[in-house]
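Subject: Two-chain model, handover and notes

Hi,

Here is the structure I promised. My notes on the interfaces follow below it.

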Amino acid sequence: MIGRMLVAALLVATWSLPAAAQLTPDAEKALYEAAKAEGSVNWYVAHYSTEIAERYGRAFTEKYPGVKVNVVRATSGVVFQRVVQELRSGPPQADVLASADISHYLELKRRGQLETYRPANSATLIEPMRRIDPDDQYHAVSFGLVVLMRRTDKVKAEDAPKAWTDLHDPRWRNQIALSHPSFSGSVTTWTAALNKAYGWSFFEKLEKNKPQIGRSLLDTNAMLKAGERTVGMALLQAAAQDQDKGEPIAPIYPTDGGVVIAGSMAIVKGAPHPNAAKLFMEYLQGEAFDRLQSQDFFEPMHEGVPSRTGLVLKNTKLLIISPEELLKAAPEVKDKWRDTFGN
Amino acid sequence: MSLATSIGEVRTRLANRGVDWTILIWIALAAILIFIVVNPLARLVLSSFEVVDGKGYTIDNYFAAYGRWRYVQALLNTLVMGAGVAVLSALFAVPLAWACARTDMPFKNFIRISVLAAFVTPPYLGAVGWVLLAGPNSGWINRAWVALTGATEPLVNVFSLGGLILIMACNLFFFIFVFVTAALELVSTEMEDAANVLGAGAFRTAFRITLPLVYPAILGGVIVVFLQSLALFGVPALIAIPARYPVVTTQLWQFFESPVRVEVAAAYAIPLLGITISLLGLQRWLLRRKGFVVVTGKGGERRITKLGAWRLPLLGYALFVCALSVLMPMVVLVQAAFSRAWGRGFSFDNLTLSNFQFVLFEHHGARQAVFNSITYAAIAAFFAISLSLCIAYIVNRKLLRFSGVLAFLCMAPFVIPGIVLAIGFYAAYAPPPLALYGTALILILSFTTRALPISYTNSAAGIRSVHPEMEEAVRVLGGGRFTAIRRVVAPLLKRSLVGAWILVFIPTCQELSTAIFLTGPNTRVMSVLMLDFSEEGKLEQLSALGGVLLVITIAIVALGFRIVGRDFMLRRIS
């Protein structure tokens, strides 16, 4: 597993320690009371699988009885579509929006459709995760990576692709699983990052191997599990979870770099349950939730929470796309994608 | 004061002032129809000319919608697909209908029930079944093929135009089957006998005499299938995207992604309306001035054709069609629903109930979605039938002038693809002042609109079967019209209304293409949830939820059989 492939060290080691101010019990109680009066929070979420999102929602309700989480799970593109549709037509239904395509937040922010709120718990996060938006309109919620993966019983570790460019090898014709950047925000980010690294010819060569294209990034895991494909792109966390469950799947960290996926969240302006949304946001940035999340192989966002992947991020090659870059590149790469892959 | 007396009083007062009270009923019904049919469509057309995110009117949306070859290509692709589906459906349906209605083929009831089952299986669920069967590397058919022949290339690939056509035809051929069966049951044997006397065999008679006589029914069915296939959203989402075969509905969906362009989507949807209307016009033109009197008349004897040596080949073909459309997809869907990972196959350690546990107990949204689907469909079916019954009664008894307009409005939604209707509803009722987006009401109303044509044809058929003499008898004896309706018409219609309700309920319960645009977090229905599952590749859980939906549907159909008698679906839909 990936943890054994890379020597364990902590990404937080060099980063500054957080200030200690977190949500005070009094503030928490007041917020909880207000949230309880609202009864529920509508969570539009893209970057977790349905099971995980449901489980996190239940964990929140366990901690704060009386505040139910309505999980609406879809891909980033679809989630964004629904929120924009709602905002056009009057007061929105969504409270908290969480997805992987950070350009969506910039777009909503530009239109003034996000609520400004700084979770007190954000002070407890490690520095790179703390206040990713200086205006406090959107916040980090998870740290994921897009990597390669293989079907362990069909592709031996030594035969597997080691780098993204290895996917151009004709050996992988009809064997590659990808997902669609118009649906998945993680895939948008991945497409923009590889376009930046290699230019669009990377995708034109990839197309020659006739990859199967799903919608959600999690669809690639399903294609491998079904035996439809043998290698593919994957969210490291999802591949590691599958491996942990005993599925014949293993993540491969590409030598030319994993693509960083900053899962982010925001409160939609005019949200029907503003206090529940704030409480939920506090919860998602708290340490207790981080422990839960890191059990599912997401990289921890608090110092002292152990990483299950043991990834040495500061020693690892990462492909990073800034929100501004993504905002510019997203429509362009989605359009080129359709021209190249025809869907 | 009871309602009846107050109505009576209002009526007298109005009559005294010289107002015909019935005009009020006409106005009320027309107002409802304007609200649920005319306004959404008008708003659709209007918004196709609105400036994106701004004020004023423009033609630019049409240039945006058709200014790129890719978008035009999607429209052409859709027409090719629709034609393919229509032809394949006819090839499936016509022989089966003839065999079941007019021949001595064995196991006719089994075939009929399978055809019905193919229809009550939602098309997107059938598509998942076919993904499991014919996925290029993992599908059961291809795995068997590779294992048997040692071939390196798959035999079939579901992610192709062929796969798309097959899956749609498997669900939609039911329409042609029903239309043709109903028509065949009215064709008397005398003309076939004449052909026999002159020396024609069973097949020659069928091709030269019987089938030409039911040509209008075949044509009608083919057109319905063509139009239905253009409007499907779920199957293209599952098949056409991986197949890289863009079609109109998936393209429409993409106009809703960032940046959202509802106005361009509206412009892009307008030709779909145009195609539908011109096809129905074409149908009229093709059938002009031709006499198909035999079909309309009753009487005459109908005997079944003896197939002789052809009995078994025809049965073989019928079983083949049923295997493609129901039996094979069902087997793999059931397997997937009870599997940890469907690709691992039929082994004991792969067996699990956890998918059902997940959709029934762990996924909080799933139970809500099951409840929503059933209640919305039940209410919408009730609304649609009440409304169309009122109108059918008025039209049939000629109570009001211009009642034909009402009938036309009831039938009009037939030509509106679901996804187009959804965009219209969205444009009309999502924004303030009504702000219905995300409410149950907008779903129920749009479902009602979708259901109007079927409920109207059924209600009209029901009303026609009740002769006015019986009501006149009531009135002679001093009862008013409302008494006549309550005591005579309603009891007589009870059975056919239950049948119509079920007929409307089932497709509404599975509706996807309208619902996908109009659901909110608390109003999700099963079909939308299944589509969300499919995005993640959760085919096992999707199969389990589909199983729940099918069990509910079958229970309702079984109830229908008990109340209305068997065959109610197979005879009445036309």
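Chain A first. Its domain assignment gives domain 1 (18-142 + 263-306) and domain 2 (144-260 + 322-341); such bounds come from an automatic or database domain assignment. This is a predicted model, in which local features need pLDDT of at least 70 and side-chain atom pairs count only at pLDDT 80 or more, while totals for chains, interfaces and linings use all residues. Residues are numbered from 1 along each chain as its sequence is written, chains are lettered from A and ligands numbered from 1 in the order in which they are written, and side-chain values use heavy atoms, with hydrogens and water left out.

**Inside chain A**

The C-alpha centres of the two domains of chain A are 27 Å apart. Domain 1 of chain A puts 22 residues into the contact, and domain 2 of chain A puts in 22 residues (contact means heavy atoms within 4.5 Å). Between them they bury about 1500 Å², 65% of it from carbon and sulfur atoms. Buried area here is the accessible area (1.4 Å probe) that two parts lose on being put together, summed over both. On the domain 1 side of chain A, Thr75(A), Leu106(A) and Phe297(A) lose the most area, together 31% of what that side buries.

How many salt bridges are there between domain 1 of chain A and domain 2 of chain A? The count is zero (the rule wants a side-chain nitrogen of Lys or Arg within 4 Å of a carboxyl oxygen of Asp or Glu). Polar contacts do turn up: seven residue pairs, both at pLDDT 80 or more. A polar contact is a pair of N or O atoms within 3.5 Å; within protein, one must be able to donate a hydrogen and the other to accept it, and residues adjacent in sequence count only if both atoms are side-chain atoms.

Helix H4 (76-88), helix H5 (102-110) and strand S4 (138-151) of chain A each supply at least two residues of the domain 1 side. Helices (H or I, at least four residues) and strands (E, at least two) are DSSP runs, numbered from the N terminus. H5(A) gives the most to that side, with five residues. By class, the side has nine nonpolar, eight polar and five charged residues. Nonpolar covers Ala, Val, Leu, Ile, Met, Phe, Trp, Tyr, Cys and Pro; charged covers Asp, Glu, Lys and Arg; the others, Gly among them, are polar.

**Inside chain B**

Chain B is assigned domain 1 (73-327) and domain 2 (353-574). Their C-alpha centres lie 23 Å apart. Domain 1 of chain B brings 37 residues to the contact and domain 2 of chain B brings 34 residues. The buried area is about 3200 Å², with 84% from carbon and sulfur atoms. Salt bridges between these domains of chain B: zero. Polar contacts: two residue pairs, both at pLDDT 80 or more. On the domain 1 side of chain B, H14(B) gives the most, with eight residues. That side divides into 30 nonpolar, five polar and two charged residues.

**Between the chains**

55 residues of chain B are in contact with 54 residues of chain A. The two chains bury about 4800 Å² between them, 43% of it on carbon and sulfur atoms. Arg244(B), Glu535(B) and Glu536(B) supply 17% of the area that chain B buries against chain A, more than any other three residues. Seven salt bridges link the chains. One pairs Asp335(A) with Arg70(B), the closest N and O atoms being 2.9 Å apart. Several helices of chain B supply at least two residues each to the side that touches chain A, among them H12 (234-243), H14 (262-286) and H18 (364-396). H25(B) gives the most, with six residues. The class count for that side of chain B is 27 nonpolar, 15 polar and 13 charged.

**Confidence**

pLDDT is the predictor's confidence in each residue, from 0 to 100. Chain A averages 87, with 92% of the residues at 70 or above. Over residues 1-19 of chain A the pLDDT is below 50, and this stretch has 41 contacts in the model beyond near neighbours in sequence. Chain B averages 84, with 91% of the residues scoring at least 70. Residues 291-298 of chain B stay under 50, with 14 contacts beyond four places in sequence. Where pLDDT is low, the predicted coordinates should not be read in detail.

Best wishes
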